[in-house]
Amino acid sequence: MLSGMERLNDCFAAGDRLLTVGEAAERLRTRLGPAVGRERVPLAEARGRILAEPLVSGLDVPGYDNAAVDGYAFAHGRAHYRIAGRAAAGRPFPHPLGPGEAVRILTGAPVPEGADTVAMQEDCELDGETVTVPAGLKAGANYRMAGENIRRGEAIFGAGQRLGPLQLGVAASLGETALDVFRPLRVALFSTGDELARPGEPLAPGQVYDSNRTMLRAFLEADGLAVTDLGILPDDAPSVKAALAGAAAGHDAVMTSAGISTGDEDHVAAAVPALHFWRLAVKPGRPLALGSIGNAAFVGLPGNPVAAAACLLMLVRPMLGLLGGAGWETPPSVLVPAGFAMKKKTGRREWLRVRLGEDGAARKAGPDGSALLRVMAEADGLLDVPEDVAAIAPGDRFPMLRL
Ligand code: AMP
Ligand code: MG
């Protein structure tokens, strides 16, 4: 069996040929899996966590046949019934119904034995103790069968399922009080660059505020990862090396932005012994560096904020999801028509920042520069234009990843 580190290096060693985003995704998807242990957490603390064991129902839900509306329950076949009593939610009618009998019934109440149909109260006529049910009502109407939602023994969610409010509601409907989930993936996050200042500090000439760290931390935390924000590293190989090695010891992954291209001041590469550059055929997005430090995965994102965000959304987030126990999650997208014309280089994919008009068509949200984070923040999504497209015409449809 490969150790965690060997598995990472085997996956990341993609050679230096140009990779399409699809090839890159496939490589990650087929070679990586959970790198975290599991724990049991109460339902109330499980939001955003990832199931480590399939959730198998010990119950039928609903547990008994019941009424879908307020009205009258009876055995289908007659026009008039004698009202024999009442069934409310939590207070069943205690006897089987006799021939020609109906009960007044409220939504969610068990349907008494002998009844197979429920008529809505608005459609019925009452005369003393007799109810007349609507002609033409089908047998079985307004009748919820035991187990129609969930069957006892059924696997409802598989391992890898993310737990949102709806999934937690289902778990509660099964009577669960706690769930087996993966421990959150621990990510150490750094920015790198001598030009970076922290918001709140004065800007010296030639400095810019560090925007990547705030943005990346927010994306990662929204995915349920446990992020340690370790600040800004200088453009100095020994300090970068020491800081990354220290961080790797207590984390499952170490993430940096900037300092990984081939400029003179790119010291991150020198600090990561097992490092692989992925040359991705995509705009914006290059370069993306992947590797390992000790047993931790290393992710080196580009410095330009738009490129960092795009790489994170399209490849790195799904990759960290895999390490954290989720299955491969393709970024969700919808098909939208382009509302513009554009020539494009073939052989590379483009992620265009677009806004949706009232006509439902996508138009460029602004200029393309990968330093222009504001344009991306004002966009509704990234229009995902494939490698083989040479020109976009109005009306051509492409997937759009919602931002
Ligand atoms: P580099 O990859 O180090 O050459 O950086 C590319 C560009 O991204 C430069 O213009 C950097 O100033 C900018 N950049 C790098 N890191 C950050 C950051 N954390 N926040 C904002 N801009 C950054
Ligand atoms: Mg730099």
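The model is predicted, so local features need pLDDT of at least 70 and side-chain atom pairs count only at pLDDT 80 or more, while totals for chains, interfaces and linings use all residues. Residues are numbered from 1 along each chain as its sequence is written, and side-chain values use heavy atoms, with hydrogens and water left out.

**The sheet.** Select the six strands in the order β7-β4-β6-β5-β9-β8, which form an open sheet with mixed pairing. Strands are DSSP runs of E, at least two residues, and helices are runs of H or I, at least four, numbered from the N terminus; two strands pair if DSSP finds at least two bridges between them. At the edges lie β7 (117-120) and β8 (125-127), each pairing on one side only. Next, select β5 (residues 80-87) and β9 (residues 130-132), which run antiparallel and are joined by 3 bridges. His80 has Thr132 as its bridge partner in β9.

**Asp235.** Move to the loop between β16 (226-233) and α5 (237-249), where Asp235 lies. Asp235 is buried without a salt bridge, and Arg213, the nearest side chain of opposite charge, is 13 Å away. Buried means under 20% relative accessible area, with a 1.4 Å probe and protein chains only; a salt bridge places a side-chain nitrogen of Lys or Arg within 4 Å of a carboxyl oxygen of Asp or Glu.

**Ala309.** Finally, select Ala309 in helix α7 (residues 305-323). Ala309 is buried, at a relative accessible area of 1%. Beyond neighbours within four places in sequence, Ala309 is in contact (heavy atoms within 4.5 Å) with Met215, Phe219 and Met376.

Terms used: Chains are lettered from A and ligands numbered from 1 in the order in which they are written. Buried means under 20% relative accessible area, exposed over 50%, partly exposed in between (1.4 Å probe, protein chains only). Lys and Arg count as positive and Asp and Glu as negative; His and the chain ends are not counted.
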